[in-house]
Amino acid sequence: MEIDYSSAMSLPDDPGVPDPAAPFEIFLVATPGLEAALRAEAAALGFAEPKQVEGGVTITGGWPDVWRANLELRGATRVLARFATFRAMHLAQLDKRSRKLPWAALLRPDVAVAVEATCRKSKIYHAGAAAQRVATAIREALGVPVRDKAALTVMVRIEDDLVTISVDTSGEPLYKRGHKEAVNRAPMRETMAALFLGQCGYSGAEPVLDPMCGSGTFVIEAAEIAAGLQPGRSRDFAFEQLATFDRAGWEALRSTARREPTVRFYGSDRDAGAVAMSRANAERAGVAGFTEFRQLPVGELERPPGPPGLVIVNPPFGARIGESSSLGPLYRSLGSVLRERFSGWRVGLITTEVGLARATALPFLPNGAPVLHGGLRVTLYRTGVLQ
């Protein structure tokens with residue numbers, strides 16, 4: 001089936017006059033604090049006009065770019081296709097303009113949708129009422145079932161009286177790659193791990209070691225990057241339920257190609273259950289052949305054979321007052337081992353408190369912005385090459 005991928009999704013104040021030749025804006029949702037890292041990834045992958053904005057990155061493109069963003073971006077949480085933009089000062093105006101939108105170009109009459117709305121600094125302040133007006137416009141235009149939860153979600157954002165209507169093309173968050181079934185407490189999300197690896201200068205050409213590997217996220221993500229595996233290769237996406245979806249075009253983007261890494265990837269943990277989880281997750285991800293996981297306390301950590309690379313670690317950190325002081329010995333031990341045995345390697349350490357980072361006595365470079373993780377703000381501390 002032939003699909004016109006250039007059909008417009010960005011409309012002027014009168015949404016009844018679309019520009020059929022224009023590409024549209026695509027919003028890549030980022031973990032707060034990692035917007036700049038996501039912009040760098042989008043630029044490296046060749047997406048057009050990546051711009052860092054609050055909460056994420058905007059790019060410009062058509063539907064194949066939406067598909068590719070979901071498939072290939074490691075750091076995005078979601079991909080939103082911005083369907084329409086117009087001004088509305090009251091609910092009647094929102095209702096009228098929503099009814100003029102070309103919903104049939106986007107949605108299928110046989111696929112249920114949910115509608116969510118947020119309002120900020122606008123004359124329309126009731127999010128529930130705004131969502132209801134748009135839902136009614138969709139239902140009456142196409143007969144589409146509108147439910148509280150559905151495979152597709154239409155998102156209405158009203159800010160300073162500007163209405164932006166988007167469709168969530170991802171569905172499940174993109175950190176759900178489909179491989180990590182076994183997780184431990186407070187696991188690092190794959191999207192965050194990928195961007196932290198990028199901020200440490202990792203490109204796939206060097207070994208990576210995580211001495212507190214938990215469920216293996218850093219090790220598996222690094223191994224996938226080295227093998228050239230697409231992060232979204234094993235899962236489904238919401239855009240497959242849209243009227244714009246072209247199965248042949250989508251299959252042409254997906255790839256089963258892989259390259260054999262020239263280095264290996266190492267994880268260790270003192271907990272036998274974590275090691276077992278990591279091995280199972282690596283097997284599901286298809287990287288078990290070049291990853292190694294061992295049960296090992298930090299004090300027994302040894303430098304692996306081969307070239308130097310990157311040690312990246314997310315040690316325990318205290319979530320409650322007073323807890324962090326008890327973690328000092330662990331951080332001191334970790335720092336001592338890395339300084340004494342890992343000359344030539346670089347280190348990336350994620351933690352909540354500068355005091356814990358300093359306890360390692362590692363020569364950290366100036367750190368970047370804090371990042372939200374599990375309701376806490378964490379910071380990536382990086383070193384140069386250890387002497």
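## A tilted pair

Y381 counts as buried because its relative accessibility is 8%, where buried means under 20% relative accessible area, exposed means over 50% and partly exposed lies in between, with a 1.4 Å probe and protein chains only. F364, at 23% relative accessibility, counts as partly exposed. This is a predicted model, in which local features need pLDDT of at least 70 and side-chain atom pairs count only at pLDDT 80 or more, while totals for chains, interfaces and linings use all residues. Residues are numbered from 1 along each chain as its sequence is written, and side-chain values use heavy atoms, with hydrogens and water left out.

## Aromatic pairs

A search of the whole structure finds 11 aromatic pairs, a pair being rings of Phe, Tyr and Trp (its six-membered ring) with centres within 6.5 Å, counted as stacked if the planes are under 30 degrees apart, edge-to-face if over 60 and tilted otherwise. One of them joins F237 and W250, which are edge-to-face, with 5.8 Å from centre to centre and 85° between the planes. Because F237 lies in the loop between α6 (217-227) and α7 (247-253) while W250 is in helix α7, this pair ties together parts that are 13 residues apart in sequence; helices (H or I, at least four residues) and strands (E, at least two) are DSSP runs, numbered from the N terminus. Both F237 and W250 are buried.

The rings of F364 and Y381 have centres 5.6 Å apart and planes at 55°, so this pair is tilted. F364 lies in the loop between α10 (354-359) and β13 (371-373), and Y381 in strand β14 (residues 376-382), so the pair ties together parts that are 17 residues apart in sequence. One aromatic cluster is formed by W67, F237, F239, F245 and W250.

Helix α6 is largely enclosed by the rest of the structure, because 11 of its 11 residues are buried. Just after α6, G228 takes a positive phi of about 70°.

In soluble globular proteins, nonpolar side chains tend to be buried together. Leaving out residues up to four places away in sequence, W103 touches several residues, including F83, V134, I138 and I165, where contact means heavy atoms within 4.5 Å.
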